[in-house]
Amino acid sequence: MKANNNAKKEPLKIDYENKRLSTFYFLPLLLIAGFIPLIVYGKYLYLSGTTQSLYWTGQQKYLDFFSYWKSRWVIALTMIGLVFYIILYVQKKLPFKNLKQYYIPLGIYAIFVVVSTIFAKDTQTALWGFVDMYQGMFVLLSYVIITFLTINFVNNERDVKLFVKAFTFLMIVEGIFGITQYFGFDFFQTALGKKLIVPSDVQVENLSFSFGPKTIYGTLFNPNFVGSFATLMLPLAVAFLLLAKTKKQRILYTVIVAMMIFTCIGSNSRAGYLGVAVSALYVLWLFRKNAIKHWKGIISIFAAFAIFLVGLNVISQGAIFSRLKEFNIKEQIEITRATNENAFKIEDIALGKDSFSITTSREKLNFKIVGDKLYFSDQDDKELRIETKGNKITINDNRYSDYKIIIADNYPGITVERSSRVMNFYFSENGVRLIGTGGKLIEQTVPAESFGPLNGLEKLGSNRGYIWGRTIPLLKNYMFYGAGPDNFPMAFPQDDILTKINVYIDSNIVVDKAHSLYLQIAVNTGVLSLLTLLAIWGYYIFSSFKLYNKVELNSLERYVGAFCSAGILGYLAAGIFNDNVVSVFPIFWIILGMGISINMRIKNKLSDREP
């Protein structure tokens, strides 16, 4: 019989699992995973344009150490990794894995990022990012590509081990920085440290990154971000310890687990504590079948956590337990409401042509400009006697003894301070103006729209009540596309002067972060973009839970895969209170991509065994 030449041929299946690519091709992703978070190097940025002049502090230049170069290296290494992938894919050395359930929402999110950039309030910021953040369009698209690349680069156990080594290096270095900073030795404050991070052509005096005693910021800019970092890394450190086969490996990873526990607790980040707690509960559930086998390791880890928690609380004179008490949300709400009701407040600032007034919860002070003289009167318009010494004005009335009034030297106006609340007034031909953020002149104070349930709770959660309460009403404006990547400072009602004075004491402070991963994304790239990311993350966590709930954890890939999902879940829990930043967020996407790839491989192996 003749063979049927028209029969459809089966496509040749390429065995990518047994292909051992040179480590060289993995370098871009490995550097993103293990090196970029450690970058600390000065970059003088000359501020110009709407973003910096209107929404920053009015300064002409800014020295960034923690975000600028990280963002640029993320973009550069991602592009190199993408070029490597295209070359290797054409050569049939890397696959294009059929994972539409992830690629489609990732692609939709990327579209929302681009559209939000096109319609951004400030295009330059949308492209390259805002001061201290630097997560513009190019960085956000890099995150999408990083996830795709990691999914397709990780094809066997050797590939996973490469990332294990990268994360091991990162945890050791970050742990050393954290422990030494906590006990008062900050490498960046030493002569050698300053030499390494300050460019030779830059002169810096009194360089300091201090966030207070007994606090860790590492190389990640802020203790809160250290908490998010520890949430991602601690589960992986535990996985590496449980996988250790030799005595040297067990000692190494025992030390690393201890470092990550110390870093988490020492960060003083309540969001980090929450993230670790959530991931721990998840791991305990998945590990219930193996609990007897590894009971010594499990008890040791919890004992170490308890010892560090109690020890560091003693060292910090009770600060850590005080932070933990704040997890009693009901009690915190009651305390915040009671404090708010009894607190001194600036209730109104009225601006006129040649007059203005300040109304507080205790008194009212009127100002009247006549020619080059300034007159004062009380709430009954009774003139008040004053005394002038140099550029300082004192009101000779006990009711106003808490006021400090200073005549400005470099512009026509005065500065008024009451109970540490500072208000700067500018006298123009068109009337009295209040000087706001970045030197902006405000004609009238208009309270921003607020989210009702958070009224009176502005100081809840380190002022998150105020930020969230003014951010949530913005969401209706950004359903389909956002204000633009990193455009949150422009979208936020910075002119809500009265509330700022009462919450922050300083009316000129810039609210540049949402202090919530989810609100940050929703405002910057739109509510729909947030929903696409929630779909990706939700599907990954749900599928991971189903997979590891039914398989035994008995191999490197299964351990790493399960603990990747634990880290992702913990990070997303911490994200309720923490922003995403370029110091940590690239690691999140690497771990997510690695977790997705491992899950796919385990599922394929299980299906191959089924009859």
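Trainee: Which strand does E8 join, and how many bridges are there?
Mentor: In this predicted model, strand E8 (residues 392–395) is joined by two bridges to strand E9 (residues 403–407), and the two run antiparallel.

Trainee: What stands opposite Lys 392?
Mentor: Lys 392 has Ile 406 of E9 standing opposite.

Trainee: And what order do the strands of that open sheet have?
Mentor: The open sheet has seven strands in the order E7-E8-E9-E10-E11-E12-E13, with antiparallel pairing, and its edge strands are E7 (386–389) and E13 (441–442), each of which pairs on one side only.

Trainee: Changing topic, which residues touch the most other members in the largest nonpolar core?
Mentor: That core holds 150 residues, and those touching the most other members are Phe 163, Phe 167, Met 233, Trp 537, Phe 563, Phe 588 and Trp 589. Helix H9 (residues 223–243) contributes the largest share of this core, with 15 residues. Another core, of 26 residues, lies apart from it and includes Phe 356, Ile 395, Tyr 403 and Ile 414.

Trainee: What is Trp 589 in contact with, leaving aside neighbours within four places in sequence?
Mentor: With those neighbours left aside, Trp 589 is in contact with Leu 106, Tyr 143, Ile 146, Thr 147, Leu 533 and Trp 537.

Trainee: OK, salt bridges now: what is the count?
Mentor: The count comes to 16 salt bridges. One of the pairs is Lys 476 with Glu 449, whose side chains meet at 3.0 Å, N to O. Lys 476 lies in the loop between helix H15 (460–471) and helix H16 (488–491), while Glu 449 lies in the loop between E13 and H15, so the pair ties together parts that are 27 residues apart in sequence.

Trainee: Is Lys 476 buried or exposed?
Mentor: Lys 476 is exposed, because its relative accessible area is 51%, which is over the 50% cut-off. Glu 449 counts as exposed too, at 52% relative accessibility.

Trainee: What about Glu 458 and Arg 470, where are they?
Mentor: Glu 458 is in the loop between E13 and H15 and Arg 470 is in helix H15, twelve residues apart, and their side chains meet in a salt bridge of 3.3 Å, N to O. Glu 458 is buried, with a relative accessible area of 12%, and Arg 470 is buried as well, with 7%.

Trainee: Which residues make the nonpolar surface patch?
Mentor: Val 114, Ile 118, Phe 119, Met 479, Phe 480 and Tyr 481 make this patch of about 610 Å². Val 114 lies in helix H4 (residues 100–118) and counts as partly exposed, at 33% relative accessibility.

Terms used
Residues are numbered from 1 along each chain as its sequence is written. This is a predicted model: local features need pLDDT of at least 70, side-chain atom pairs count only at pLDDT 80 or more; totals for chains, interfaces and linings use all residues. Side-chain values use heavy atoms; hydrogens and water are left out. A nonpolar core is a set of buried Ala, Val, Leu, Ile, Met, Phe, Trp, Tyr and Cys residues joined through side-chain atoms within 4.5 Å. Buried means under 20% relative accessible area, exposed over 50%, partly exposed in between (1.4 Å probe, protein chains only). Helices (H or I, at least four residues) and strands (E, at least two) are DSSP runs, numbered from the N terminus. Contact means heavy atoms within 4.5 Å. Patches are made of residues with over 30% relative accessible area and no salt bridge: like charges are joined within 9 Å, nonpolar side chains (Val, Leu, Ile, Met, Phe, Trp, Tyr) within 5 Å. Accessible areas come from the Shrake-Rupley method with a 1.4 Å probe; for residues, only the protein chains shown count as cover. A salt bridge is a side-chain nitrogen of Lys or Arg within 4 Å of a carboxyl oxygen of Asp or Glu. Two strands pair if DSSP finds at least two bridges between them.
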